[in-house]
Structure formats: C-alpha cells, structure tokens
Amino acid sequence: MSPIKGRFKNHLDEEMVHLHKNLYINRSDPMYYEKVIRYLDPRSPEAHYKLGQKFEAKGIMDKAIFHYKECRKTYPSPFYFASASAIRGLEGNGKGAESLPVSDFPIIYKSSSTSPRLWKIILFMILLLSVFLWGLLWGKDSITRTVSAFQLWGVGKEITYEVVDMPYIIYLTKDKPHKEIENDLYNKALDLAKTNPGQNIWLYGIASNGQNPDKKLVPLTDETQKVKAFVVAQYNSAQDQTVKIRFINTDFGKLTLAEAGANLVRTALEAYISDNGTPPDKLDKLVADYPQNYLSFIPQEIQSGSNQIVGKYDGDGGWVFDPLAKQYSDMFYPNTVEKPNSHRANFERYRVVVGKSDHSLQLLAGSTLLMEKKVGLGADDATPVGSFSVLDRVKEPQGKHPNVYGSSALGMGAIALHGTNDPASIGSNLSLGCIRMTNADIEELYPFIPKGTVVFIRDNNHTGLTAATAQWNPQVLVPLGTRLPNESAKNKVFHWLG
C-alpha cells in the first residue's frame, strides 16, 4: 500500500528521501550513500564521490579510487573536478588539473584548427557553469540537499494522493465454508470499488442473526463494532489488485456456544431452586412435561457433540452436574478433555429486554446479545413497564378465541410473550397489553427462554447492543434423537390480555 501523504508537513520530512512506494531512506543513515546507489540511482555522482571520500578516510584506496572514477562518468556534475583531483592525489602524480591527459575530459580540445572565437565561447560556458555550481555550494541549501531535491540524474517521480478509508459492516453466516465467505467479501469489495475508485474499502464481517440478513451491508459508524468481526477484508483498486481477507479468532464461535449452552441450563437451575428450595437430584426434572418444563431440552455440548450427564468430571464429553456444588458454575459445566476449570465460566443468566420505543426484543446472556427480534405491543400504552418472570412455557396455548396466542407463549401473569397470526401487527401498538411476535420468531426464541427467566420491559432499550455479539447458531445446541417433553397445557384456557 502506498503511503498516505500527511496534511501537515513534518520537520523530519526534509531528511527523508523517497525511493519507491512506501520505501524511504534517511540522510542521517550511515549507509545512506550505499543505499542511494543500490536502490535509487547507481550512477549518482554525489553518492560515488561521498563514498570515495569515506573509503579514502578509512585507508581503503582501491575502493576510493573506484568510486571517484565512477563519479567522473557523469559530466557535468558538481563533483567531476573534485573527484579528478582526488584520483590524482591517490595515484601519486601530484600535478594540477592542467596536467591531466586531454583525453580524460569529455570535451575535445585536440583540434589545432579550433578558432579563438570558439575557445572563448567554451571558456565562457565553463565560467558560467562554475558560477552556477559555486552558487549551489554556498547558497541557502547545501549541495547535498539541492542535488537530491532536484533529482538531476535519472531519478523518477511518484505522486501520492490522499485516500479515504471507507469502513462497512457486512453480516455473514459464520458457519458457511470459508471459501463462500471469501467469495462474498471479494464480490462486495469489487462492487464498492467501482463506485469509490481509489479509496480504501474495509469490510468487517460480523455473524448474521435474525435481525440482520445474510450479506447485508451497512456503513460502520461505531468503532466498537470492529471487535465483533470474525473476518476482515481490505481493498484499494488504485494501489493493489488484490482483495486482502483475514479471518480472526476462528474458535471464538465454539467457545461462545459452549458458554451459552451452560448458562441456559444454569438459568433453569436457578429458577428450579427458587421454586423448590433445593436443586433437582437429576437434570431430567428440568425437562419434564408442562408445567414443570423449565427447559425444552438439555443442550448439546458444542465441542463433544453430546448432552450426556455425568456426576463427576472425566473428560469424556457432555456435561457434569453436581447438585451439591455451591456455585452454579461448579454445579453445571462442560465435561470436555480440557481441564474442567477452563470452561467454568462465570454464570451469566439469560434475560429478555423489551424496548417499547423501538418495538425491540433482545435475548441476552449477561452482556452478550444472542438474539434480537421485532415485537408488537399494546394499544394506548397498555403494555406495562417493569420486570416480569416467565411462569408458563406453553406450546399451542388455548385462549377464549382460537389461535389468539399463536403457536407458543411465555406467560408472565396477566400478560404474555406470544405468537400471533397477524404478522402485520408487529412493530405496531395493537394488542391489549401482551407482547406479540410472529409465529416463526417465537418458535426460534421459545427453546432458549427457560422458566423463571426475567423479562424487563422498558420505555427505551438501554442495552447499547445493536447486533449479536456472540457467534450465535442456536440449532447447534439442539440435540438430535432426544425425547422432548410435552409442553402443551392440554385443555387449560389462558386469560392473558392478548
């Protein structure tokens, strides 16, 4: 990438010489003249003359003579006569400039037929050149700086224009093959470069959730969102024809899901102990039929792919359940081959936050946003503000009217969080006080709301979280081939506000 030229001149800039692209050398570098010859101009008379002086001072006469002779290959130059004099001194002839063989000069003086007028013109030109060179030597700038600044001997020119960083967030499905993610980033970068030529395109890939469809692209306005990216792409069509893609912390999603599964069960355990006074002797009691269905299932441990329960850690996969432990993080944790303490993360209970002003619902585990949905609320501000506990988890709930509560409901006393057959009411205030979701959204959310989960209803959502901060793929936690409890309430009729 080419350097970005600063808006304000730095006092160190005058000591730097630009070679090419982002390569510079400093005039104070002891190897400055060697680098000029190697990287910038192999014929530079200034550099050869300075190196001749350097080797002469060190007593390395053969190298000194070599560089003085290389200096004299460029004529005219301010160092031509000085290098000729140095050569005579080193070779020991001790004669003045007039004793040099005429053939040593690039201008031929041998012809005896040269007219006096022509000799006068030649001498006059030499005099003008001498005055010019002395002006350079004793003027405002040193000869070294002036010669380098003018770049008289074959130095090229490179112009750098200031570019603008254009950062975006792109929502991606994290569990897709890396090749597909790479292609999505590549195509998006090329599309943006067509309309923004010469600018730095940055794409920060964040795991998609239900609220953020796959490959949705939005400008990055919050720098803190960068830390959520699991992949980053950068492209500038004017500087490089390569889209640079870098994956970040590829194991982050697995670790987060392991913690999410553990904290789901811990939240249910806390509610069970609150209701019954003691922990269950077996975890099966958490997945009993309604109304004891604290959970819909014991989640699958993500690393081992098992949800078997053991009473003591052995590292064979699944979970460890110790009802005698005093802390929830010690009562339930992954039974993986790694040290058990490495996965005994702090207990971060599940909770739900509903923001009335933007009709939002967020599912969180501690400070981690797992899921975000849109909801419908009560007309005339009928949905109350406060905190409510989930008392009933019901599939196919019955009301006074058929299908009034949709496919599933989470009852909280007088109100409920439930589905609806009127999806147009989502985002509006049309209910009698309950919180409505589409049937598809409540079905996705329901298994991850244990009985006893606290639902906070607020005028405004103050979590400050706008996108899933966990690499959330809930279906990975759902075990296959496991008997699920009967979560219907049979003939019970519920009287939530609706």
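What you see is a predicted model, in which local features need pLDDT of at least 70, side-chain atom pairs count only at pLDDT 80 or more, and totals for chains, interfaces and linings use all residues. Residues are numbered from 1 along each chain as its sequence is written, and side-chain values use heavy atoms, with hydrogens and water left out.

Let's start with helix H2, residues 45-58. Helices here are DSSP runs of H or I with at least four residues, strands are E runs of at least two, and both are numbered from the N terminus. H2 reaches 20 Å from its first C-alpha to its last, close to the 20 Å expected, where the expected span is 1.5 Å times one less than the number of residues. Its buried residues include Tyr49, Leu51 and Phe55; buried means under 20% relative accessible area, exposed over 50%, and partly exposed in between, with a 1.4 Å probe and protein chains only.

Lys54 forms a salt bridge with Glu34, their closest N and O atoms being 2.7 Å apart. A salt bridge here is a side-chain nitrogen of Lys or Arg within 4 Å of a carboxyl oxygen of Asp or Glu, and the count comes to 10.

As for cysteines, Cys71 counts as buried because its relative accessibility is 0%. The whole structure has zero disulfides, meaning pairs of cysteine sulfur atoms within 2.5 Å.
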